[in-house]
Amino acid sequence: MDDLNPSKDRAGANLPESEHPTGLTDREAAARLAQFGPNAIRERSESTLHRLRGFFWGPIPWMIEIAAALSAVVRHWADLAIILVMLVLNAGVGFWQEHKAGNAIAALKQKLALKARVLRDGQWRDIAAAELVPNDIVTVQLGNIVPADLTLLSGDFLSVDQSALTGESLPVDKKVGDTAYSGSIVKLGEMTGRVTATGMNTYFGKTARLIESAHTVSHFQRAVLRIGNFLIIVTVGLVAFILGAALYRHDPPLETIQFALVLTVAAIPVALPAVLSVTMAVGAERLAGMKAIVSRLVSIEELAGLNMLCCDKTGTLTRNELTLGDPVRIGAADIKEVLVAAALASTRETADPIDRAIFNRVHADDLSNFVIRHFTPFDPVRKRTEGDIVRDGKAFKVSKGAAQVIVALAKPDAETAATVDAAVDAFARDGYRALAVARTDETGHWRILGVLPLFDPPREDSASTIAKLQRVGVAIKMVTGDHIAIARQIAARLDLGRTIFSAPDLLSDGVSDGDRAKILAADGFAEVFPEHKFAIVKALQAEGYVVGMTGDGVNDAPAIKQADVGIAVSGATDAARSAAGLVLTAPGLTVIASAIEESRRIFERMTSYATYRIAETVRVLLFMTVSILVFNFYPVTAVMIVLLALFNDFPIMMIAYDNAPVAERPVVWNMRRVLGLAFILGFAGVIASFLMFVIARDYFGLPPAEVQSMVFLKLLVAGHMTIYLTRNTGPIWQRPWPNWRLVVTSEATQILGTVAVLSGWFVAPLAWPYVIFVWLYSLLWFAINSAVKIAAIAVFRRLRNRTVKP
């Protein structure tokens, strides 16, 4: 069995013994790592102090700083203190949000870090690619991303896609002595190489110095940012109008400018982009805990809107635990000869489930007299493996692979070919996958030895998970390279339906209108090649579906990249992982279902915050503008505005952790509804505020300072209650209940504001009866606004249903 040792029969085996690399020792590698640094592209980073300083520099901080300076000039020291606290707190909140999002993204990158197969201390091991150093011996194979610049030492050939580096559109063939560049993707073959450059010294690293990475913004973010820009323009316009009117009335100019600056800062939703980023980053951390890593944060939006999932059978719907059945003997003397030949055409080095199933049926002693001189691994084009074997001085070859490929290789007579086809069909009807095994005779001609049946049973949770996904609006289509009979048998077991098409037959001449109709009607596709996956995704997208496609191989990468949500399943190649928006680290469909559910929660949190923030801007700004222009009365002071902004910051930070509901159907951003609901709630808040103003001034007969305190408390209490309104679409008691972080921060700031009003901190004090009245009044309007919200959402739904195609 020593001759079958992976470290001997695979990487480096084709070198003469005198040149056989032993690799670096761990001590040598550690010394070189200290000398050359990690094998990583250095990212430009700022110091913590520099990043923090950036939050005090810019249009918004400038306005706060000018307001503070004006307070000092007019000797309003209390105002100055509060405004400075606002400046520091705004900077702190922004820094914390950026830091939180940055940490989450860094953690996700760490989980997606590449691995490399390296020879250290004479043994092959998997290490993080960042730990590679010059002179390391590594092996690269189909689907790998080359981890560093390599000089190829051994192996038959390598075909690599280096288009991202050089712009060459076609794969480039490499041979011994050539250089394989870091970042290129192995399309075919397997070779061993010596690391010549790492990190920034690689060809890729030198190129990376010249470019900047792109930042992708989702549809939702883009739409919300457009609304934010619109609100900024409206805010600046209305504040300018207020400023002009105040100066016309000969109000004190310094205090008027101070008030205008503070009002602008409080009204502009400056934290909106940061809160969205933190919400997605925190959600991405939760997804990672569910074994689903989002490689790009913007993929969360697409995942929440997913309504069509094209799902691999092997490893996702099935266990990927192959069991070898009883082989059919065709040209072999006995079953043992079939199994031994199959084992010789396999390798223990990889975790291939087919090879593992074969070795489980073969005794080690049966292989002890064979020497594997060379092994050619499986690839999606040849669809077979091959071993060059020597026993007792006699050389021969063995091969195992797809039955039709082995038949084409051996070119048997019609009777033998028919026997193979009959065995494959019989196994397929029972749900077995079939592989043929062949070897060469003394003359070098191939002879078919037999057919191996392999069974991969469905996962216990697949049927229930499929039913659950279908209930929440996600259609499932099975995609498999297996025989159509196997696909139908597995589909029936999973209650997927039996409308299964052969992809080569369906898509042989492109995708016609008739083919597109069949694709829509299909429950699954069999005998699928990677190019068929791409065509299926394109056809479904053309029909308006948000499509998810799973895959694991290098040739799956185009379809994964084309899909709205590309999903690299557990154990996928580097190429598939780099193309995917979602990378699974555990097998099974349940992981995908959990990821969809969590992404819908994240989407609801973002929608909730956007609605709340826009509603508050409308409510405060419109109320202030009308009060000043119509009643010539400032309903709140500059300090009160600052306090409102400060108290609002704390609950906003907790929205990312709220227990958001899960939508029953796929969700898509609907900014008309967000904007419409926000304006309706905002206008309702303006009406409530004016009624409070009139009651305080005319009914209670309070002096202006106490009227301002009463209005301030109402804006604070009712504003925080708006958070509870926007977090769902139903009554306020609709589950799930708010997260304790959100409740505690919201109620704590409301209580703190109430104590400030009772005690006269920075505001005119109010007696208990008036404070209690404000709370009861706010609760009454909370109930009214809840009914208004439910009615508005019902109207939006009816309008949407009228525009949806039947």
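**Figure 1. Overview of the predicted model, with 29 helices and 23 strands in its secondary structure.** The model is predicted, not experimental. Of the 806 residues of the protein, 53% count as buried. Contacts between residues at least 6 apart in sequence were also sorted by separation: 72% of them join residues at least 24 apart.

**Figure 2. Helix H25 packs against helix H28.** H25 spans residues 638-654, and H28 spans residues 740-759. Their axes lie 8 Å apart and meet at an angle of about 175°. Angles over 145 degrees count as roughly antiparallel, and H25 is therefore roughly antiparallel to H28. H25 contributes Phe647, Phe650, Pro651 and Met654 to the contact. From H28 come Arg741, Leu742, Thr745, Ser746, Thr749, Leu752 and Gly753. By type, the contact residues of the two helices divide into 6 nonpolar, 4 polar and 1 charged.

**Figure 3. The largest nonpolar core has 68 residues.** Phe259, Leu263, Val636 and Phe712 have the most contacts inside this core. The elements that give two or more residues to the core are helices H5 (77-111), H8 (219-248), H9 (253-267), H24 (589-631), H25, H26 (671-699), H27 (704-726) and H29 (768-803). Leu263 touches Val239, Ile242, Val620, Leu621, Met624 and Ile641, leaving out residues up to four places away in sequence. Another core, of 60 residues, lies apart from the largest one. Cys311, Met478, Ile592 and Ala663 are among the residues of that other core.

**Figure 4. Ser627 is a buried residue of helix H24.** The relative accessible area of Ser627 is 0%. Beyond its neighbours within four places in sequence, Ser627 contacts Asn632, Phe633, Pro635 and Phe690.

**Figure 5. Strands S1 and S2 form a hairpin.** S1 covers residues 115-120, and S2 covers residues 123-128. The two strands run antiparallel and are joined by 6 bridges. Arg117 stands opposite Asp126 in S2. The hairpin has 2 residues between its strands. In the turn, Asp121 has a positive phi of about 55°.

**Figure 6. An open sheet of 8 strands has mixed pairing.** The strand order is S9-S23-S22-S21-S10-S18-S20-S19. S9 and S19 (500-502) stand at the edges. Each edge strand has a single partner, so one side of each is left without a neighbour in the sheet. On average, neighbouring strands are turned by 20° against each other, direction ignored.

**Figure 7. Met290 sits in the loop between helix H10 and strand S9.** H10 comprises residues 272-289, and S9 comprises 292-294. Met290 is partly exposed, at a relative accessible area of 30%. Its C-alpha atom is separated by 8.7 Å from that of Ala586, a residue 296 positions away along the chain. With neighbours within four places in sequence left aside, Met290 is in contact with Val591, Ser594 and Glu598.

**Figure 8. Helix H18 is largely enclosed by the rest of the structure.** The buried residues are Ile484, Ala485, Ile486, Ala487, Gln489, Ile490 and Ala491. Helices H12 (313-317) and H16 (414-429) are among the elements that cover them. The cover also includes strands S16 (433-440), S18 (475-479), S19 and S20 (524-526). Just after H18, Asp495 takes a positive phi of about 60°.

**Figure 9. Ala535 lies in helix H21.** H21 runs over residues 530-542. Is Ala535 buried or exposed? Its relative accessibility is 18%, and Ala535 therefore counts as buried, since the cut-off is under 20%. Ala535 contacts Leu507 and Val511, neighbours within four places in sequence aside. Ala535 and Arg516 are 19 residues apart in sequence, with 9.9 Å between their C-alpha atoms.

Key. Residues are numbered from 1 along each chain as its sequence is written. This is a predicted model: local features need pLDDT of at least 70, side-chain atom pairs count only at pLDDT 80 or more; totals for chains, interfaces and linings use all residues. Side-chain values use heavy atoms; hydrogens and water are left out. Axes are lines fitted to C-alpha atoms, for helices over the stretch in contact, and angles run from 0 to 180 degrees between N-to-C directions. Helices (H or I, at least four residues) and strands (E, at least two) are DSSP runs, numbered from the N terminus. Angles under 35 degrees count as roughly parallel, over 145 as roughly antiparallel, 65 to 115 as roughly perpendicular and the rest as oblique. Contact means heavy atoms within 4.5 Å. Ala, Val, Leu, Ile, Met, Phe, Trp, Tyr, Cys and Pro count as nonpolar, Asp, Glu, Lys and Arg as charged, and the others, Gly among them, as polar. A nonpolar core is a set of buried Ala, Val, Leu, Ile, Met, Phe, Trp, Tyr and Cys residues joined through side-chain atoms within 4.5 Å. Buried means under 20% relative accessible area, exposed over 50%, partly exposed in between (1.4 Å probe, protein chains only). Two strands pair if DSSP finds at least two bridges between them.
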